[in-house]
Amino acid sequence: MKILGIETSCDETGIAIYDDVNGLIANQLYSQIKLHADYGGVVPELASRDHIRKTVPLIQAALKQANLTAHDIDGVAYTAGPGLIGALMVGASIGRSLAYAWNVPAVAVHHMEGHLLAPMLEDNPPEFPFVALLVSGGHTQLISVTGIGKYELIGESIDDAAGEAFDKTAKLLGLDYPGGAKLSKLAEQSSGARFHFPRPMTDRPGLDFSFSGLKTAAANMIHQHSDNNIIDPQTKADIARAFEDALVDTLVIKVRRALEQTKFKNLVVAGGVSANKTLRTKLTELMHQRKGKVFYPRLEFCTDNGAMIAYAGMIHLKERQYSDLVISVKPRWPLSDLNVG
């Protein structure tokens, strides 16, 4: 079974082909970072138009990379949500239309399920059950996973997602969009623990997150140490370090609670922020202490990509979970809606 995966939920056009025998045989990705950089964030209309320009050429490139033709494709998987409605409509329209033209089944894939299953693309995939920490620009969620389609949301952000907080704080520090990775790189230049920020919502029970207050604390610290809106480079680095430490510590504390609550030994970490070096180091230490295992997707699969959509699509198509001819997307789509059994 060879599945074509199409990912167009936000600002990356991802196309991949997954073979259930040979694994990932084609992977194409186009990022719109340069397109949106001048605006300091994603412009939905521009994102949609760029997906229109890039999706079909990338599908052609993926087929060429895998040395396949349309006749070799057994199914099409496309991201149907959550995400930007215009961007989602591009991938869904193209994916569903190609499936109809090629006379193969199509399946609408949940974007976050794709991230959750991304570590399955590796040589050493996790076994069920596990706790999943999904951390990206749009979502911060803790999920109890006992099998495919068996997801229980046990914690989430009540305001800014972790990646969103990273990018907004980076912008306050004068870093270019997208600033999360740049903030982490700047933090490496810090001289030490000069500043300290609170670890939000860790002084009360529960698994929910809140990062807007942390962002505000960083904004206040930047203002206090600015002179005519100019802040010296070392202070910038020290604030970046304090912010990253606070956010990562908060994630680690909540993950520990989730593991204690579920009694699971395995942890999956996925989404764009899962590439953060400090987060990976501290979660690896946590799982070593707990005699458990932590699983990450490779760095190229932390951000949005077609490979995770193709893999998730293959799982659903093998269960004969097809989408009908109606082209429908869901900008808001709780992961719990996928639960089976």
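Which residues of β9 are buried on one side, and which on the other? N266, V268 and A270 are buried on one side of strand β9, and L267 and V269 on the other, so that both faces are covered. Buried here means under 20% relative accessible area, exposed means over 50%, and partly exposed lies in between (1.4 Å probe, protein chains only). This is a predicted model, in which local features need pLDDT of at least 70 and side-chain atom pairs count only at pLDDT 80 or more, while totals for chains, interfaces and linings use all residues. Residues are numbered from 1 along each chain as its sequence is written, and side-chain values use heavy atoms, with hydrogens and water left out.

- Helices (H or I, at least four residues) and strands (E, at least two) are DSSP runs, numbered from the N terminus.
- Two strands pair if DSSP finds at least two bridges between them.
- Strand β6 (residues 130-135) pairs with β9 in the parallel sense over 4 bridges, and A132 has V268 as its bridge partner in β9.
- Strand β10 (residues 293-295) also pairs with β9 in the parallel sense, over 3 bridges; there the bridge partner of V268 is F295.
- From β9 the chain crosses through helix α9 (residues 277-289) to β10, and this β-α-β crossover is right-handed. Right-handed means that, with the strands pointing away from the viewer, the path from the first strand over the helix to the second runs clockwise.

**The open sheet**

- An open sheet of 5 strands has the order β3-β2-β1-β4-β5, with mixed pairing.
- Its edge strands are β3 (23-31) and β5 (106-110), each of which pairs on one side only.
- From one strand to the next, the twist averages 20°.
- Helix α10 (residues 306-318) packs on this sheet and touches β1 (2-7), β2 (12-19), β3, β4 and β5; its direction makes about 130° with that of β1.
- Contact means heavy atoms within 4.5 Å. Axes are lines fitted to C-alpha atoms, for helices over the stretch in contact, and angles run from 0 to 180 degrees between N-to-C directions.
- Strand β4 (residues 75-81) pairs with β5 in the parallel sense over 5 bridges, and A77 has V107 as its bridge partner in β5.

**Backbone features in loops**

- The peptide bond from G81 to P82 is cis, with omega near -15°; P82 is found in the loop between β4 and α3 (85-102).
- A cis peptide bond also links F128 to P129, with omega near 0°, and P129 lies in the loop between α4 (111-117) and β6.
- K291, a residue other than glycine, has a positive phi near 55°. K291 is found in the loop between α9 and β10 and is exposed, with a relative accessible area of 74%.
- R320, likewise not a glycine, has a positive phi near 60°. R320 is found in the segment after α10 and is exposed, with a relative accessible area of 64%.

**Cysteines**

- A search of the whole structure finds 0 disulfides, a disulfide being a pair of cysteine sulfur atoms within 2.5 Å.
- The sulfur of C302 is 16 Å from the closest cysteine sulfur, in C10, which is too far for a bond.
- C10 counts as partly exposed at 22% relative accessibility, whereas C302 counts as buried at 0%.
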